[in-house]
Amino acid sequence: MELNKIIETYIAHHLGVKREGNVVTAHVPVEHIVAVCNDLYFEHKLQLKTLTATDEREQGEGFKIFYVFGVPGENIFVVPFIQLINKQEFPSITKEIHGASGYERKIRSFFGLEPVGHPQPQQILLHENWPADLFPLRKDFNGQERPVEANTPYEFQRVEGEGIYEIPVGPVHAGIIEPGHFRFSVAGEEIILLEAKLGYTHKGIEKLFETLPLEKKVRLSERVSGDTSFTHSLAFCQAVEKLAGMDILFSELERLANHFNDIGFIMSDTGYSFGGSHGARLRERVMQWNERLAGSRFLRGVNAIGGVTRDITPDVGNKLLADLKKLWTDFHQVIEISENSSSLLNRLQGTGKLDARIALDHGVTGLAGRAVGLEHDARIDYPYAAYDRLQFTIALENEGDVRSRLYVRIKEVYSSMAIMRQSLEKMADGEIRVAGEATLKPDSHAIGIAEGWRGDIVYFVVTNSVGSITRVDVRDPSFINWTVLGHAAKDNVIPDFPLINKSFNLSYSGNDL
Amino acid sequence: MKSALIWTIQIILIPVLSPLFTGIIRKIKAGFQNRVGAKITQPYYDFWKLFQKDEVISQDASWVFKFAPYIIFAVTIMIGASVPLFTSIFSFNLLSDLLVVVYLIALATFFLALAGMDVGSPFGGFASSREMTMAALTEGGLISSLLALALAAHSTNLFSMVHSASSLSIISFPPVLLAFFAFLIAMLSETAHFPFDNPATHLELTMIHEAMILEYSGKRLALMEWAAANKFLIFLALGVNMFFPWGLTASSESTAILTALFLFLLKVLILCLLVAVLESSMAKFRFFRLPDLLLMSFILSVIAIILMI
């Protein structure tokens, strides 16, 4: 579709429309924003990709709040925004679009702007020891200063009734995993309510993005969520400049390694040790290829603005191709044997069932969404890099249980290998890209989106009048998907929770930022 | 003099060999997972290490928490000394009674569950609740499976049961086999093995046995784990000697004793292999499916009893 036509379709004429590459911004009066968002979301069925704010008070522009909607299939983003001058509140859209809830709470916690009409506007990510009147993403907040310790009480939701008791789990766990606190209210073994308290790995990433030099910003984006180093930095680099080519290979290697790992862990969490050990072994083979191709097992230091810093020679490419074939057979055998275990399938089937309606309302993204039949994949919806030149289908399952999430992964392993094969064959003509210097457009907004192995990663980047980046909003898929974990765990027995949690395998670091 | 020596072997055999069999199971399981695995003697080193370590005991711990490891360990030694292992010389031991042994095991379970709840950690609490649920459901299958043999022997003395079982005709072998399967299910439940519990898990929410001893450290943890290993070997010994009662010797000749010991180890090793294969080839059952399995154990033993009569 033509850009003009898109603007015509989605945005009313009287609004101040500005085109910036694949981003169409529109200045909407505050009182109309709820109607505009409802129209885009319900009438035009656009996806809410992220919702974030900027502090432009120094330029006399007040605060701005951006509502990023994606147009699937077009790689175009419609971004209505509102301006709050001398005001610290904005109308909440959560009552209509539930998926906005987390974003609005984050704006409230980090910018101190009140979402009026939000049903549950509690603090998010920042803990009780953080002063209530200090907002870290405002420009006048100094990130180097240690704030005074506050001591606000934290209230968990309570379930009352005969025989109901609470189990606190974490933030320190028995295994080597990221920290998070889970509060279960249970009746016997059955989970009545699960409340997750996160934020233990809050690192001030978005604040850091504002101060670090450009090159270091790329390195920082690799560290948002360690297991998705490459795709995070890919999304960030795309936001700054368009990329093409080799990045597909690395992005798929990352997906492969993590899917192997998760498939193994889901099986070993049911006690099926055969699948567990083979998952770990397959992952290790991919990790060794990462090391060989990129010099880093987690593909760090590969992305740069303007291209990737590592080249793959045809010789190495052929070896990878041959090894992929072996990997395919290997994986196929492991899955065949595992599928024959009725005790394994019994544990997976019906466990941690996520209702499709709940998933839709929360805007669940990525593989958790595909496991309930939500047909979204940024590689197809927003074809970045060279994905539009490759043949592959979206992996779909319909049940929304642990088995579905496992099978989405299994299918994606196969499609991922097919993608790598295609891109390796196409790369034969060998174009080498070198990372270049980037000059950024002033007063601009840009969005980078890339499908990490969990789901789509969205970066929203804003530049000031001299073309330096003043705000980077990071949206990891975990930020959305954490909100439905409690729904999936409800009515399951406590011993099944680790399995359910592992089938989502969300990032704490990417959520806490 | 000789009888004193045999007595000593009988008493120390279980605690001395039990860590070895834990190690053997781990080694076999590692093999199934394409891993090399630790040496089969690793549990000895682990216990030795734990005995040297300092302990951390919660302020809220009462005497139950502090004494439970000694009680449980002592109970397993006592049972180990009174069950048929390789010799039938001590058959008139009052402790060698089916009901005494089963309820001594229950006594250990009772203190284990109390210790799990004692410090008030939520994991210990729900692990104890699960353990007691399982213990109550397992008891029926365990007693009835052995009762089938007791009925044939007209005695609840374990040695008399072994004696009568070894003289049973080939026709009564099917009920013995049924009773053995009932016993096997009960054994897996009692000794925290698949599909009931995962002895190797680190997931605090799914554990049963491991969550009860989560608060222990140092020498008390070593005692707890050693007691668990003892219990496992006791069950292996009961399984192989009660249902496949060949090789026990009544003589005190050293060659006879050595042959009996060798046969005993061989039989236990075979059962060990069976458990390891079972653990490697299946997933853990969902918690609420476990009662079905235990019910099956009970039904199998009831059928065995009916066939025996």
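Modeller: We'll go from the chain contacts to the domains, then a sheet and a helix. Keep in mind that this is a predicted model.

Biologist: OK, chains first. How many residues of chain A are in contact with chain B?

Modeller: On chain A, 24 residues are in contact, and they meet 23 residues of chain B.

Biologist: Which elements of chain A supply at least two residues each to that side?

Modeller: They are β8 (164–169), α8 (273–294), α10 (342–348) and α16 (497–504) of chain A. α8(A) gives the most, with four residues.

Biologist: And what classes of residue are on that side of chain A?

Modeller: Twelve are nonpolar, seven are polar and five are charged.

Biologist: New topic. How is chain A divided into domains?

Modeller: Domain 1 covers 3–116, domain 2 covers 164–197 and domain 3 covers 205–475.

Biologist: How far apart are the C-alpha centres of domain 1 and domain 3 of chain A?

Modeller: Those centres lie 28 Å apart. The two domains are in contact, with 21 residues of domain 1 of chain A meeting 18 residues of domain 3 of chain A.

Biologist: Which element has the largest share of the domain 1 side?

Modeller: That's β3(A), with six residues. The elements giving two or more residues are β2 (23–27), β3 (47–56), β4 (62–71) and β5 (76–84) of chain A.

Biologist: What about classes there?

Modeller: That side of domain 1 of chain A has seven nonpolar, twelve polar and two charged residues.

Biologist: Back to β8 of chain A. What is the order of strands in its sheet?

Modeller: The order is β8-β9-β10 in chain A, in an open sheet with antiparallel pairing. β8 and β10 (190–197) of chain A stand at the edges with a single partner strand each, so one side of each has no neighbour in the sheet. The twist averages 20 degrees from one strand to the next.

Biologist: How many bridges join β8(A) to β9 of chain A?

Modeller: Six bridges join β8(A) to β9 (residues 181–187) of chain A. Across that pair, A:Tyr165 stands opposite A:Val186 in β9(A).

Biologist: Last one, α4 of chain B. What should its 21 residues span?

Modeller: At 1.5 Å a residue, α4 (residues 98–118) of chain B should span 30 Å, and its end C-alpha atoms are 30 Å apart, so the two agree.

Biologist: Which residues of α4(B) are buried?

Modeller: Among them are B:Leu98, B:Val101, B:Ile105 and B:Leu112. Their cover includes α3 (63–82), α5 (122–153) and α7 (173–190) of chain B.

Biologist: And what follows α4(B)?

Modeller: B:Gly120 does, with a positive phi near 80 degrees.

Definitions and conventions:
Residues are numbered from 1 along each chain as its sequence is written. Chains are lettered from A and ligands numbered from 1 in the order in which they are written. This is a predicted model: local features need pLDDT of at least 70, side-chain atom pairs count only at pLDDT 80 or more; totals for chains, interfaces and linings use all residues. Two residues are in contact if their C-beta atoms, placed from the backbone, lie within 7 Å. Ala, Val, Leu, Ile, Met, Phe, Trp, Tyr, Cys and Pro count as nonpolar, Asp, Glu, Lys and Arg as charged, and the others, Gly among them, as polar. Domain bounds come from an automatic or database domain assignment. Two strands pair if DSSP finds at least two bridges between them. Axes are lines fitted to C-alpha atoms, for helices over the stretch in contact, and angles run from 0 to 180 degrees between N-to-C directions. The expected span of a helix is 1.5 Å times one less than its number of residues. A residue is buried if 20 or more other C-beta atoms lie within 10 Å of its own, exposed if 12 or fewer, and partly exposed in between; C-beta atoms are placed from the backbone.
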